[in-house]
Structures are given as structure tokens and as C-alpha cells.
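Subject: Structure for you to look at

Dear colleague,

I am passing on the structure we spoke about, and I would be glad if you could look through it with the notes below beside you.

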Amino acid sequence: MSTHYSVTGRTAILRIDNPPVNGLGHATRKGIAQGLRRALDSTDVDAIVLTGREGSFSAGADISEFGTARTTAAPSLGDVIAALEDAGKPVVAAIDGTCLGGGLELALGAHYRVATSSSRIGLPEVHLGLVPGAGGTQRLPRVVGADVAADMISGGAPRTARELGDLPGQRLFDRLVDGDVIAAAMELAVEVAAVRPLPRVRDLSVGRDDAAAARATHERLRRRSRGFVAPAEALALVEKAGTTPFEEGLAEERKTFLELMNGEQSAALRHAFFAERAARKVPDVRPKTPARTVDKVAVIGAGTMGGGIAMTFLGAGIPVTIVESSREALDRGLDAMRRNYQRQVERGKLTADGLEQRMALLTPTLDYADLSDSDLVIEAAFEDMDVKRSVFTRLDEVAKPGAILASNTSTLDIDAIAAVTGRPGDVLGMHFFSPANVMKLLEIVRGAKTSDDVLVTAMAVGQRIGKTGVVAGVCDGFIGNRMLARYRDAATALLHAGATPAAIDSAAEHFGFAMGPFRMADLAGNDIGWAIRKRRYAQDPGTPREEISDALCEMGRFGQKTGAGWYDYAPGGREAIPSPVVEELLASFHAEHGTKLRTFERDEIVQRLVFALVDEGARILDEGIALRASDIDVVYIAGYGFPRYRGGPMFYADTMGAAHVLSGLRRFHGDDGWEPSPLLMRLAAEGGTFN
């Protein structure tokens, strides 16, 4: 049973019990409606307390029902909320823990609300490309104000009950407690048992000043959402709460919810939601394989990447020993970490005490022997195979038995690195993305001899530090950077044909990428790609040279860190300014090669870039480097700025059709000798999909 009914004194307790998050699927909605009717029909009951299991009131709708008949099967969530609101006996919602989405809408239908102050309250539907569909956009503004509601609904971030309870004039909670929420709710239920008329959120009004504040949010949102539909729709509905009758706003909300649910963006976002969960599962590893204990971590290298990795673990309360080769490099790294934390303090994201607590967990050293008690060692040294082998040879000597040895390499062969140790089963790749303390993606590279429990531990550690882990096989570049090389090839081909970096970046960003390929290269550092290219040139002298990119690096234009790359940057600035130097470089290239210049429509630029990703992704999938097409989508959403509301490159290809993608690629490549991925050709012929 997903709901339980009991009576204490003259108060009925209706408890939602649908693990793991008390989702409001059809059976649960039906159980709530039946329990409510039973309480209303009983002459032994004066009031009703609606609650959930300890630690979760409800996290909202059952997403797996979306698109099925169960989504709208009676009673709908709206029906249940209307029944609560119109009940002839007082209903008190007792909220502890998670109260999100439909769970909050359900609580807003109660006459009174009691919550533990630490409970998480929110309407995160926007993350699935939706708006609340059971009155959230119309009721929440009436109890917290339209400006706060607009921010919560359009952004989707939850707040604590304490934060909301401290708002001036809030009417969301009748009581906040730090102890037994059920006891507090039952006490209130007894107090209000005879109160009539019963208060309803729908009967409250939204202040006009609040509505104006919500409208002011609209322009800010438009600038940052770039093509993402749901946030703007949510704001429009919040505005309606202050300008139209409740029933009219409710009807408009439901209409918008259904339109979005049946739209492309919500389908893509739901795909991303389930893809991230699927990525946690490795089919050939036993589900109950025990993870190793990781209580202490060591990081080799205190540069940008090593410092960021260390900060990630410190933020999770895990002690870190950080090793450098010189005092100067170590001090520079520690200073950079402290400055990063200080910026968080200045922005109100960290307290001064929090800064000191994190730094206190950090042990800096120049001696590898000091990491001998570490459970996990992550190497973040220079991206050079000889350097990596040297580091792992030393680690093999000093690390304790059973310690996991991980490389942060972005391209190099994990098996070759593991081979210099006497414990290849303990070695794997943990490829963080820069800045490591911010970016969510963690590519976990499974070597040929990596033990299952080591892989399981790395996945568990990733979750513990708030990363989105994806397992990849061994190849040059793994999943993300191998595909990125083809993406950059496509961008370079556009340059060769006459497009400018600004035109290419503009098209990519209009599509929804966080950054276009050239702005992203400037941010990451053009010297990184140059080092990889030089390695590949040395390994295979037949590798075509990237003349323009190499020439740019030969000028020392490495990007933002040098104030010049594909763009110019003001000292300390991040605004990309089109560069006369790059214009001259391109003009010289075109003159030397006799380029027949052409212009490109925005859609063609996007297709050339994205279809290149898809083709290489298909090869990676066919070779078993990625376990699932959806894993590739997760990599590109979490690590490379692919617009989440488009579902990732492989999902996007499915919406276009494999035959359409193949046709486009053949047109773009002409007779340059390119051969399509065998998997892409098979799917095009069969009408199949990647996901």
C-alpha cells in the first residue's frame, strides 16, 4: 500500500508511503483520495493530518507515468488537491524533509501547514521542461509573494522551510518546528478542529507590487535562458496569479503544462533525467559489489586542475593531502585555492568559518611518503605519458595496499599508465573537467585490468562529491575529448571555408551551447589542444596539421589566461572581443590557399558541428567505449555545455533521424575521403535510433 490510514484521538493521520521519494503516482493519488473520504465520512474524526514517511513528504509526480494514460487517470493530482481544499474538516500538512513539485502543490491544498525548518521546499518542474501542473504557479505566489515564487518556479532551486518561513508576511507555514512534526501538526489539528470557515490558499490575493517584481524578472530570465521555453512560460503564469481570477489562472497553467509535456524540450529533459540515472549502472558488474572505503584522498599536483580536484573533496568534508614538486608551485596552488574560497565568501556562498574549515582539512606536502595512508590518490600532473608513468611508478612504491590510483588524464592510455605498477587492478582514470570544483562531469575510465570494486568505488566517490559519473573505455580522448576533436575539426573546416570564429560561436550559442567552440577553446587554453596535437603529430606523421590553430598558438595566443586567443580580452576580463590579429591570420590563410570564400547560414553551422559529434559518438558506441548512447548524451550535457533541453547529441540525432544526419554529413564532407560510422549507416538504413 502506498498510503496508510490511522486515527489518534479524534485526528486521522493519512501517511504517504511510496518509496523511495513518495512519488504521487496514480495508486498513491487514489490512496490519498480514499483516505480523505474515509476521514470525512467518520463521525469519530474532527481533523486530518496529511504526512509522508520520515524524511520525505513527497518529491512530486511519478515521472515514469508521463506520456501514459496514468498521468491523467482519475483522480488527477488536481482532483486530490481540490478535494483537500474543499474538505469540510481541517487538513493539516505535516512536512518533513523533501517537499517538491507535486508534493508542494499537495501541501498547498491543505488548510494548514507545519514543517521542520530543514525541509526542502520547491517547484523544480522547470528542470524537466515543464511548469507546475496542479496549481503551483497560482498558489505559491499567494503565500510567499510573486517575486519569490517567480524565482523559485522559473529557476527550480529548492529553499529550506526556514528560509521561506523568515520571509516578511509569508503565509506558507503556520508553524515551523525542529522536532516531531507529526506531534506539532496533531496539536494544531486539535486547536483548529472547530474553526470555520477553513482557510484556503486560493482565496488569498497577490499584491500588485509583487506582480511587478515578477515581471521585472522576465527580462533577466530571457537573457540567460536562450531558447529554453519552460522558464518564461512559468513566469508568465506567476504574473497571471496577480492579474486574473484563480480558476482562469489554474486552467491556463494546466493547458501550458500539457503542451510542454507533449513538446520536444520536455521529452529531451526527461531523457536527460533518466540517462543520468542509467549512467550509474554498469551492466557487467554485480549490483552488490562492495565499494572500498575512502576516508582520505591525495592529489598529485596543485595547479589549476589539481587544486580544483582538491577543493571538490574538501567541499565534501574529505581530508586531502596535496603533493607538489616544489615549494613555489605548492604555495602558488594553495594561494589560488584560498582565493577561490574567498570569492565564494564574498558572494555569500560560503562563510568565513567554512573557508577555514575546508583549508584545515588540507595537508600540503613535497614528500610522496606523506600520502602513504591515503585511500584514493588522484594524479593531476602535466598531460605527458612520460610524466604520468614516472608519477605512477612512485605511487606504486609508496601507496598502501588497496589504495586506488587514479589518473586525471584527458586523453592518454590508462592501460599504459597502469602497466608501470604492480597493481593494475587498482588503477583507473578519473577525468575531472575544468574548473574541477565547478564542473559536474566525471569520466571514469575503466582499464582492461581495473577491478570491479575499484570501478564501483570511483562511481560512489563521484556521487559523494556531487559529480555526474559516466564510465568510459580506453581510447585516445575517451568519450568527451575524442568527440570534441571531431567537433573542432568541423569548426576548423568552417574557418577554412570562410566562416569567422564569432559567426561559428554565435550559431552554436543560439542553438543553446553554453559557449561556441572558439570561446570554449580560449577558456580552456589553446595550449592544451596544441600539446595534444603535437603528440599526435609525433605519433603519426601523416596526421593533417591544423595550420590556423597551430599558428595562433605559435603567437602565444593561448586564450583568456594570456589575454589573447581566438579573441582579444581586456586585462582580467572575460568578454570575447573579435581580434584584428585573427582576422589577419585568416585572411593570410585564405590568400595562401586560394579559398573560395562562402557564407554559412546559422542552421548549417550548427548541423556541421552537431552531426560531427553524432558521427564520432556512433563510432564510440559501436566500439564499446561508451556503454549506452544515453551515456554520451550525459557526457556532453554535463561536461561540454550541450543544451540540456535538447537531450544530448545522440538524442538530438534521434529527433532528426539517422538518415537525415547521414545525408547532411555526406553533403558537408563532399569528396574529402570521409567514411560514415557503420552504426550510423545501419540505423539510417533500418530507420533505427541510438537511444
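Predicted model: local features only at pLDDT ≥ 70, side-chain atom pairs only at ≥ 80, totals over all residues.

Residues are numbered from 1 along each chain as its sequence is written, and side-chain values use heavy atoms, with hydrogens and water left out.

Overall form. The chain contains 28 helices and 20 strands, where helices (H or I, at least four residues) and strands (E, at least two) are DSSP runs numbered from the N terminus. Its C-alpha trace spans about 90 × 60 × 50 Å along the principal axes.

Helix α5 and what follows. Helix α5 (residues 146–155) is mostly covered, since seven of its 10 residues are buried, among them Val 148, Met 152 and Ile 153. After α5 comes Gly 156, with a positive phi near 80 degrees. Asp 151 forms a salt bridge with Arg 159, their closest N and O atoms being 2.8 Å apart; a salt bridge here is a side-chain nitrogen of Lys or Arg within 4 Å of a carboxyl oxygen of Asp or Glu. Asp 151 counts as partly exposed at 38%, as does Arg 159 at 22% relative accessibility.

Other charged residues. By this rule there are 44 salt bridges. One of them joins Arg 10 to Asp 46, with the closest N and O atoms 2.7 Å apart, and this pair links distant parts of the chain, for Arg 10 is in the loop between β1 (3–8) and β2 while Asp 46, 36 residues apart from it, is in the loop between α1 and β3 (47–52). A network of salt bridges links Arg 482, Asp 615, Glu 616, Arg 619 and Glu 623. Arg 347, in the loop between α13 (327–346) and α14 (352–360), is exposed, with a relative accessible area of 59%.

Backbone details. Two cis peptide bonds deserve a look: one joins Ala 74 and Pro 75, with omega about -5 degrees, and another runs from Ser 434 to Pro 435, with omega near -5 degrees. Pro 75 lies in the loop between β4 (56–58) and α2 (77–85), and Pro 435 in the loop between β16 (427–432) and β17 (441–445). Asn 22 is not a glycine, yet its phi is positive at about 60 degrees, and Asn 22 is buried, at 0% relative accessibility. Phe 478 likewise has a positive phi, near 55 degrees, and is buried at 0% relative accessibility.

With best wishes

Notes. Buried < 20%, exposed > 50% of the residue type's maximum accessible area, 1.4 Å probe, protein only.
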